[in-house]
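I opened the notebook to record what I looked up in this model. The entries follow in the order of the look-ups.

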Amino acid sequence: MSESTLAGQFFGAAIGLLERVRDEEAANIDAAGKAIAEAVASGGRVFAFGAGHSSLAAQDVVYRAGGLALMNLLTVPGVTGVDVMPATLGSALERVDGLASAVLDSSPAKAGDVLVIISLSGRNALPVEMALKAKSLGLKVIGVTSVAYATETGSRHVSGTYLKDHCDIVLDNKIAVGDAELSAEGIEAPFAPASTVVTSALMQAMVATAAGGLVERGIDPPMLRSGNVDGGHEWNGRVMTEYGDRIFYSH
């Protein structure tokens, strides 16, 4: 596809970002994967959370073919955004103090577990409070965010801090402020966001690393198979039975 087309330009921008995170975030991806492997090997659980479109990358690692069965979605009602009316309510809820603490207090997450928090800007009250509360409960926190926002925008949390400031490990998706890779004559606003592509790739790379880390510990990684291949449902049923006390999406 020619880079003279807008589609070609978008693919070029996305590929460039993927190459950057592959090369520049390798150590952090490795650390995050090993942290998840350690939690699983120790009997812990793993949760992923994202608000707005960041929730897409969290959902992408939960209950899917080729994925780690122990990845659980930590849900906050209404904050996905596009599933409520008006959609702007989801954005508003991200700025509500106390919501994250209430969610974690009523969740099954406990000390020794891992929580992956995805927030592109990392500036809103919800992800910052989520990280702070998780740390106070003894969870290991992995943040997936754009570090650029911390230098180019203001925090919306009362502390003046960002998600990255309260994580044990930070994965920087390198997305520029505004999350739009293209501009073109006749189109007034910048367009073509790549954050979902890059963040989902970071999440999958982290899970792949975790699977390898479990093998290094002599543990057969509890991976799910596609339900559309012969024997897939039976395989997944065995995995979910064996790890049922650490899977919260199958009940």
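Is Ser-55 buried or exposed? I find Ser-55 buried, at a relative accessible area of 4%; buried stands for under 20% relative accessible area, exposed for over 50% and partly exposed for the range in between, with a 1.4 Å probe and protein chains only.

Basis. I am working with a predicted model, where local features need pLDDT of at least 70, side-chain atom pairs count only at pLDDT 80 or more, and totals for chains, interfaces and linings use all residues. Residues are numbered from 1 along each chain as its sequence is written, and side-chain values use heavy atoms, with hydrogens and water left out.

Ser-55, continued. I placed Ser-55 in helix H3, residues 54-59. Helices (H or I, at least four residues) and strands (E, at least two) are DSSP runs numbered from the N terminus. Leaving out residues up to four places away in sequence, I listed Gly-50 and Thr-80 as touching Ser-55; contact is heavy atoms within 4.5 Å.

Whole chain. I counted 9 helices and 7 strands. The radius of gyration is 18 Å, close to the 18 Å from the globule rule for 251 residues, so the chain is as compact as a globular protein of that length. That radius is taken over C-alpha atoms, and the rule is 2.2 Å times the number of residues to the power 0.38. I noted that 47% of the 251 residues count as buried. Of the contacts with a separation of 6 or more, 75% come from residues 24 or more positions apart.

Cores. I looked next at nonpolar cores, which are sets of buried Ala, Val, Leu, Ile, Met, Phe, Trp, Tyr and Cys residues joined through side-chain atoms within 4.5 Å. The largest has 48 residues, and Ile-36, Val-116, Ile-142, Leu-171 and Met-203 touch the most other members. Helix H8 (195-216) gives the most to this core, with 8 residues. A second, separate core has 21 residues, among them Phe-47, Ala-131, Ala-134 and Cys-167. For Val-116, leaving aside neighbours within four places in sequence, I found contacts that include Phe-47, Ile-142, Met-203 and Met-206.

Cavity. I searched the whole structure and found 1 cavity of 30 Å³ or more. A cavity is a set of points, on a 1 Å grid over the protein atoms alone, where a 1.4 Å probe fits but cannot get out; lining residues have an atom within 4 Å of a point. Points are joined across faces, edges and corners, and the volume is the space filled by probe spheres set on them. The largest cavity comes to about 30 Å³. Its lining is Ser-121, Thr-145, Ser-146, Val-147, Ala-150, Tyr-162 and Lys-164.

Positive phi. Tyr-63 has phi near 50°, sits in the loop between H3 and strand S2 (71-73), and counts as exposed at 52% relative accessibility. Lys-174 has phi of about 65° and lies in the loop between strands S5 (169-172) and S6 (182-184). Lys-174 counts as buried at 15% relative accessibility.

I found Met-1 in the segment before helix H1 (6-24), exposed at 70% relative accessibility. Beyond four places in sequence, Met-1 is in contact with Ala-7, Gly-8 and Phe-11.

Terms used
1 Å grid on protein atoms, 1.4 Å probe; cavity = no way out; pocket = protein on both sides within 12 Å on 5 of 7 lines; lining within 4 Å.
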